[in-house]
Amino acid sequence: MREKEEAKKREAELDKRYNSYTFSIGSTCEDAEKIKAQDKVQTAMEVQAYNRTLMLAKKEKMRQRKFEDEQLAKTEIEALQNSKLLNEESYSTFIDGNLRRLPYTFKGMSVEEKQAIINQQAQQIAAKQNAAAAEKERQLAYDEQLRPADRDQ
């Protein structure tokens, strides 16, 4: 009987240990799940903070680009308002007799200007023909020098 009682005590003690281990394992699993859930929350918060940072950087970049575009537009407007096209300034124009001519409004050339250009072109053509004739004569003279050498061979 004593053996049975001791066996029951041992079995009760083993059951107690088993329950204790089971509880420990269960609490360890619960703790691990809590840590995993906390990690998920922490990761989600980090991702959200990163996304927020990206969004703010994108907004700043867009704001900077808009500012630069506005500055460029202002510069262009100022350049156009101060240009010679819109403002007739005395130093950008000249007076020729009674006619006031603006350099950016070309209406054609006078007969004298056209004739001067035609004369200059004729001179250039004559100079080019003279240069070609001189080159031809020089080449003929060179060829004449080579002919006696060819006959000797």
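Reader: What is the relative accessible area of Glu13, and how should I read it?

Author: The value for Glu13 is 46%, so this residue is partly exposed. A residue counts as buried under 20% and as exposed over 50%, with partly exposed in between. Keep in mind that this is a predicted model.

Reader: Which residue does the side chain of Glu13 meet in a salt bridge?

Author: The general idea comes first. Side chains of opposite charge can pair when their charged atoms come close. In this structure, Glu13 pairs with Arg17, at 3.6 Å from N to O. Arg17 is likewise partly exposed, at 45% relative accessible area.

Reader: Where do Arg17 and Glu13 lie, and how many residues apart are they?

Author: Both belong to helix H1, and they are 4 residues apart, about one turn of the helix.

Reader: Which residue forms a salt bridge with Arg10?

Author: That partner is Glu6, and the closest N and O atoms of the two are 3.9 Å apart. The cut-off for a salt bridge is 4 Å, so a pair at this distance is counted.

Reader: Why are Arg10 and Glu6 about one helical turn apart?

Author: Because they are 4 residues apart in helix H1, which covers residues 2-81.

Reader: Which helix holds Arg138 and Glu135?

Author: Helix H2, residues 111-152, holds both of them, 3 residues apart, about one turn of the helix. Glu135 has 39% relative accessibility and so counts as partly exposed.

Reader: Now the whole chain. What pattern does it follow along the sequence?

Author: Counting elements gives 2 helices and 2 strands. Their order along the sequence is α-β-β-α.

Reader: How many residues does the chain have, and what share counts as buried?

Author: The chain has 153 residues, and 3% of them count as buried.

Reader: What is the accessible surface of the chain, and what share belongs to carbon and sulfur atoms?

Author: The accessible surface is about 15,000 Å², and carbon and sulfur atoms account for 56% of it.

How values were computed: Residues numbered from 1 in each chain as written. Predicted model: local features only at pLDDT ≥ 70, side-chain atom pairs only at ≥ 80, totals over all residues. Heavy atoms only, no water. Buried < 20%, exposed > 50% of the residue type's maximum accessible area, 1.4 Å probe, protein only. Areas by Shrake-Rupley, 256 points an atom, 1.4 Å probe, with all protein chains shown as cover.
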